[in-house]
Amino acid sequence: MSESLDALELRITELRAQVRRAVKARDNTLARSLRGDLRRAEQAWDRAVGTDESTGETEPPLLPVREQVHQALALLGVPSAARMIVAVNEAFFSGALRGAQLTSLRRDEERSFRGDPYARPYYLCAALTDRLSPARGLLADSTWEPERRVLGPLSPRVDFLVSAMRVADRIIRMTDPPQGARRLLRRMAQNVPGAVEGLAPADPEVTIRAARAELDVHHAGDAAQRAEVAARAGRQLSDIERLFGAAALSTLRGAS
């Protein structure tokens, strides 16, 4: 198992470096393809590290806070608040995160980027509002395409539906999902019409169908709004502002 993990970790490191180079070169097609490869490699790593092959029991990964947050974001796939990140970490991974540990994380990431831009394979950055300012309390992954890291009016609901579907999909792919993961899905499903009745356990496949039905209503409008915000960000913001946001006043001045 350790050899498999070593190979996966090397592959992930190489892919992150390739994504970073493609983004800097503005080769969007290559970057998108590499991000897909990176997501699949990270998911394979999650599966490999999450289960003790001899007992079938979940092992707590010995990862720093930054890596724990990153793997939770990789599962959710959308900009997420500290509360959701902590809940996902508790349900699927080590459960060692606390909300207070995330309070200064984005500021630390920004300082690191300012000191040595693109030195890290990824940064835990801000989601950007339609004013191109950082969205309060939401963390994102710098390797995501810009449209995933910006928000329009419909985005909070769309992102919740996407995260519910991804949590449900992860549970489906697990041989013996932790009870904490099932409880998290039930809590999320209670906010999706038609996904679950009362306090009954949530069926992952039913949850996905219900979430997708609502998502189909909002997806096109949200995608158009996000594309417009991302295009403005690309035109108006510096590299660091694209990751961590611009002050609202300076953004408005730049647009005028």
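## Packing of α4 against α9

In this predicted model, helix α4, which spans residues 82–92, packs against helix α9, which spans residues 179–189, at an angle of about 145° and with the two axes 7 Å apart. On the α4 side the contact is made by Met 84, Ala 87, Val 88, Ala 91 and Phe 92, while α9 contributes Gly 180, Ala 181, Leu 184, Arg 187 and Met 188. Sorted by class, the residues of this contact comprise eight nonpolar, one polar and one charged.

## The three-stranded sheet

An open sheet is built from three strands in the order β1-β3-β2, and its pairing is antiparallel. Because β1 (80–81) and β2 (124–128) stand at the edges and have a single partner strand each, one side of each is left without a neighbour in the sheet.

The pairing of β1 with β3 (residues 134–141) rests on two bridges between antiparallel strands, and Ser 80 has Leu 139 of β3 as its bridge partner. Between β2 and β3, which also run antiparallel, there are four bridges, with Leu 128 partnered by Pro 134 of β3. The hairpin formed by β2 and β3 has five residues between the strands, and within this hairpin Leu 132 takes a positive phi near 70°. Helix α3 (residues 65–76) lies across β1, β2 and β3, and its direction makes an angle of about 85° with β3.

## The bent helix α10

At the start of α10, a side-chain oxygen of Asp 203 reaches to within 2.8 Å of the backbone nitrogen of Glu 205. Helix α10 itself covers residues 204–236, and although it has 33 residues, its end C-alpha atoms are only 41 Å apart, which falls short of the 48 Å that a straight helix would reach at 1.5 Å a residue. The helix also has a kink of about 45°, centred on His 218.

## Surroundings of Arg 242

Arg 242 belongs to helix α11, which is made up of residues 239–244. A polar atom of the Arg 242 side chain lies 3.1 Å from the backbone oxygen of Gly 234, a residue that falls within the range 204–236 of α10. When neighbours within four places in sequence are left aside, the residues in contact with Arg 242 are Arg 26, Leu 128, Arg 149, Ala 233, Gly 234 and Leu 237.

Conventions: Residues are numbered from 1 along each chain as its sequence is written. This is a predicted model: local features need pLDDT of at least 70, side-chain atom pairs count only at pLDDT 80 or more; totals for chains, interfaces and linings use all residues. Side-chain values use heavy atoms; hydrogens and water are left out. The expected span of a helix is 1.5 Å times one less than its number of residues. The bend at a residue is the angle between axes fitted to the seven residues ending there and the seven starting there. A polar contact is a pair of N or O atoms within 3.5 Å; within protein, one must be able to donate a hydrogen and the other to accept it, and residues adjacent in sequence count only if both atoms are side-chain atoms. Axes are lines fitted to C-alpha atoms, for helices over the stretch in contact, and angles run from 0 to 180 degrees between N-to-C directions. Contact means heavy atoms within 4.5 Å. Ala, Val, Leu, Ile, Met, Phe, Trp, Tyr, Cys and Pro count as nonpolar, Asp, Glu, Lys and Arg as charged, and the others, Gly among them, as polar. Two strands pair if DSSP finds at least two bridges between them.
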